[in-house]
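Please report on the ligand surroundings and the nonpolar cores of this model. Keep it brief.

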Amino acid sequence: MTQAQDILRAPEADYSHSLGVSASPTATFHSPLSSFSGVFSQRGQPKQLKPFNTQDIKILLLENVNQSGRDILTGQGYQVEFHTSSLPEDQLIEKIRDVHVVGIRSKTKLNEKVLREAKNLLVIGCFCIGTNQVDLEYAAEHGIAVFNSPFANSRSVAELVIGEIITLARQLGDRSNEMHRGTWNKVSSKCWEIRGKTLGIVGYGHIGSQLSVLAEAMGMNVIYYDVVSLMALGTARQIPKLEDFLSEADFVTLHVPELPETKNMISAKQLGQMKNGSYLINASRGTVVDIPALINAMRIGKIAGAALDVYPGEPRANGDYFNNSLNGWEEDLRSLNNIILTPHIGGSTEEAQRAIGVEVSDALVRYINQGITLGSVNMPEVNLRSLTLEEPDHARVIYIHNNIPGVLRQVNEILGNHNVDKQISDSRGDFAYLMADVSDVQISDLKEIHDSLEALGSRIMTRVLY
Ligand SMILES: NC(=O)c1ccc[n+]([C@@H]2O[C@H](COP(=O)([O-])OP(=O)(O)OC[C@H]3O[C@@H](n4cnc5c(N)ncnc54)[C@H](O)[C@@H]3O)[C@@H](O)[C@H]2O)c1
Ligand SMILES: O=C(O)[C@H](O)COP(=O)(O)O
């Protein structure tokens, strides 16, 4: 298989523009590499304590992350290795051992087996909405922050679904295929307007609620089902029971995350509860629909059409033919009438990918350079105003730790001998994140602070940025 693969290395970084976190040559402790043990000290892998230098940061970017994001990362001076597809697990493990940052989309599985090998990893960027492909708990336990882009592609998905509703109602896919084969088949039987029909949205979150507005603008009635009680937009109505909801909708569209509770959420029983001749659209995650049950429901005419953008097993790269990933169901799916099969393109628009690239890369830069966790999906959200590392003798201390009683007292005993300008701490479940800016410190102080924090039983990761 051919796979475009570049190593992007930025030209010399312009430190005067790198968010004010680079080492000032005038700072007294901006020494060359010292024998001290750790700017990023983690998972039993002590590193040398040296001034923060963006060029030391190694980033692995997979799955064709947009140029907008790559430009931001290379512009910081980081070393960026870029791949257009995801990697087989053995190659991923090999690559991830060495890097501080990995950027992925929905295909790359960062499970415990892979993350165990990622001894230097500080942060994961999911350049997409879904984070189900990452073991978020394991990452948090090991001090690895995870960021995503929660809604930059929602509009693209909602627009795709609108297109699919009309396409299914008018059997456009079949007519187009027939014309491609040279057949003129002008029919109106079982072709419908969507005006006045009922759209049923499962999961009324970012995508579902946008879709609600668009569908109403086209004259549809909207109902929705969600585990949370949510404010209806326009004249939409929330239906408390899935069974009642399914029996009322002409079109059912799924917008729930991949969770144990959503696995096979639409199976034979639920398909049986849908209206005769209704339609099913899935642009959420492949595990949400029981595909053999759908194939059967379409064969017997219960379901008049379907659109699938996501599948339980998806090829790793473009060109891997949609063949062996679905236990052989591909052939059955391809043989059905009025079914739209798309290769997980819900969020694949220029607008969405550009916006995601910027949003996630900005979050990564803030985290790498300043330790700011705003928008993290697995860490407490902690922010202090920009680090004043241009001033001599300033440093930012970050201590990620287990959320157990007495830690703040111990940390403050360690920091207490120094001038703490600002400090903030927050917790999320079992983990806590402390950020403190200290001034009037020399490199020997930083080493002492670092080593003392590292010795605490609660420690997950210590970072000292200066
Ligand atoms: N096809 C694509 O390219 C594409 C693009 C973006 C997102 N997605 C998928 O779509 C999903 C939804 O995206 P979103 O941004 O709208 O998410 P969201 O988190 O904003 O909304 C999800 C909604 O689902 C609800 N929900 C959760 N579990 C439920 C359950 N068991 N039953 C009913 N409702 C439940 C939540 O309460 C929430 O309101 C994402 O998790 C992602 O997997 C796919
Ligand atoms: O989670 C998402 O945002 C979508 O599934 C899109 O994923 P993709 O970036 O891999 O296309």
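Helix α7 is the top contributor to the shell around ligand 1, with three residues. Helices here are DSSP runs (H or I, at least four residues), numbered from the N terminus. The model is predicted: local features need pLDDT of at least 70, side-chain atom pairs count only at pLDDT 80 or more, and totals for chains, interfaces and linings use all residues. Residues are numbered from 1 along each chain as its sequence is written, and chains are lettered from A and ligands numbered from 1 in the order in which they are written.

Both α5 (154–169) and α7 (206–217) supply at least two residues of that shell. Ligand 1 has 32 residues around it; Gly-203, Gly-205, Ile-207, Pro-257 and Gly-346 come nearest. A residue counts as near when its C-beta atom, placed from the backbone, lies within 6 Å of the molecule. Residues around ligand 2 include Arg-105, Lys-107, Cys-128, His-344 and Gly-346.

The shells by class:

| Shell | Nonpolar | Polar | Charged |
|---|---|---|---|
| Ligand 1 | 14 residues | 13 residues | five residues |

Ala, Val, Leu, Ile, Met, Phe, Trp, Tyr, Cys and Pro count as nonpolar, Asp, Glu, Lys and Arg as charged, and the others, Gly among them, as polar.

Now the cores. The largest nonpolar core has 73 residues, and Ile-59, Val-101, Val-123, Ile-124 and Leu-364 have the most contacts inside it. Helix α12 (residues 350–370) gives the most to this core, nine residues. Another core, of 49 residues, lies apart from it and includes Ala-158, Met-220, Ala-236 and Phe-245. A nonpolar core joins buried Ala, Val, Leu, Ile, Met, Phe, Trp, Tyr and Cys residues through C-beta atoms within 7 Å. Buried means 20 or more other C-beta atoms within 10 Å of the residue's own, with C-beta atoms placed from the backbone.

Methods: A residue is buried if 20 or more other C-beta atoms lie within 10 Å of its own, exposed if 12 or fewer, and partly exposed in between; C-beta atoms are placed from the backbone.
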